[in-house]
Amino acid sequence: MSNKILIVDDQYGIRILLNEVFQKEGYTTFQAANGVQALDIVQKHSPDLVLLDMKIPGMDGIEILKRIKAINQDIRVIIMTAYGELDMIQETKELGAIMHFAKPFDIDELRAAVKKHLPITT
């Protein structure tokens with residue numbers, strides 16, 4: 001098993017922060033600023049886990065999640081959203097997201113969640 005994480009967020013600062021945190025933890029990371037980039041990375045690199053922002057211009061998080069799951073049902077997805085839209089969060093769970101974090105999130109809680117769902121294997 002590999003330890004590949006795809007970070008999907010239209011905010012550059014968040015992508016850089018998460019990229020740095022998870023690379024230090026020993027994960028291989030990929031970044032996407034939009035749905036097209038995200039799906040391209042999913043097809044080429046088959047990440048084990050995706051950190052997915054819900055509010056992305058163009059293709060929103062729900063659509064990206066549906067397409068990721070259509071490509072590979074086994075990819076674990078953690079949702080990140082700045083909006084407390086419970087109906088959207090419920091829909092993401094029905095589509096297979098394993099959990100969600102509200103922005104601004106606690107980086108240590110997010111790190112712990114990733115380690116729980118994608119333990120580092122050597």
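Reader: How are α1 and α5 oriented to each other?

Author: Two packed helices are described by the angle between their axes and the distance between the axes. In this predicted model, helix α1 (residues 12-24) and helix α5 (residues 107-117) pack at about 50°, with axes 11 Å apart, and they are therefore oblique to each other. Axes are lines fitted to C-alpha atoms, for helices over the stretch in contact, and angles run from 0 to 180 degrees between N-to-C directions; those under 35 degrees count as roughly parallel, over 145 as roughly antiparallel, 65 to 115 as roughly perpendicular and the rest as oblique. Helices (H or I, at least four residues) and strands (E, at least two) are DSSP runs, numbered from the N terminus.

Reader: Which residues make the contact between α1 and α5?

Author: Contact means heavy atoms within 4.5 Å, and here L17, L18, V21 and F22 of α1 meet I107, L110, R111 and V114 of α5.

Reader: How does the pairing of α3 and α4 read?

Author: Their axes lie 10 Å apart at an angle of about 5°, and α3 and α4 are therefore roughly parallel to each other. From α3 the contact takes I62, L65 and K66, and from helix α4 it takes M88, E91 and T92.

Reader: Which residues touch the most other members of the largest nonpolar core?

Author: A nonpolar core is a set of buried Ala, Val, Leu, Ile, Met, Phe, Trp, Tyr and Cys residues joined through side-chain atoms within 4.5 Å, where buried means under 20% relative accessible area, exposed over 50%, and partly exposed in between (1.4 Å probe, protein chains only). The largest has 22 residues, and L6, V8, V50, L52, I64, I68 and V77 touch the most other members. Two or more residues come from each of β1 (4-8), β2 (28-32), α2 (35-45), β3 (49-53), α3 (61-71) and β4 (76-81). Apart from this core lies another, of 17 residues, among them I14, L18, F101 and L110.

Reader: Is N3 buried or exposed?

Author: N3, in the segment before β1, is buried, with a relative accessible area of 10%. Leaving out residues up to four places away in sequence, N3 touches Y27, T28, D48, L118, P119, I120 and T121.

Reader: What conventions apply to the numbering and the values?

Author: Residues are numbered from 1 along each chain as its sequence is written, and side-chain values use heavy atoms, with hydrogens and water left out. Since this is a predicted model, local features need pLDDT of at least 70 and side-chain atom pairs count only at pLDDT 80 or more, while totals for chains, interfaces and linings use all residues.
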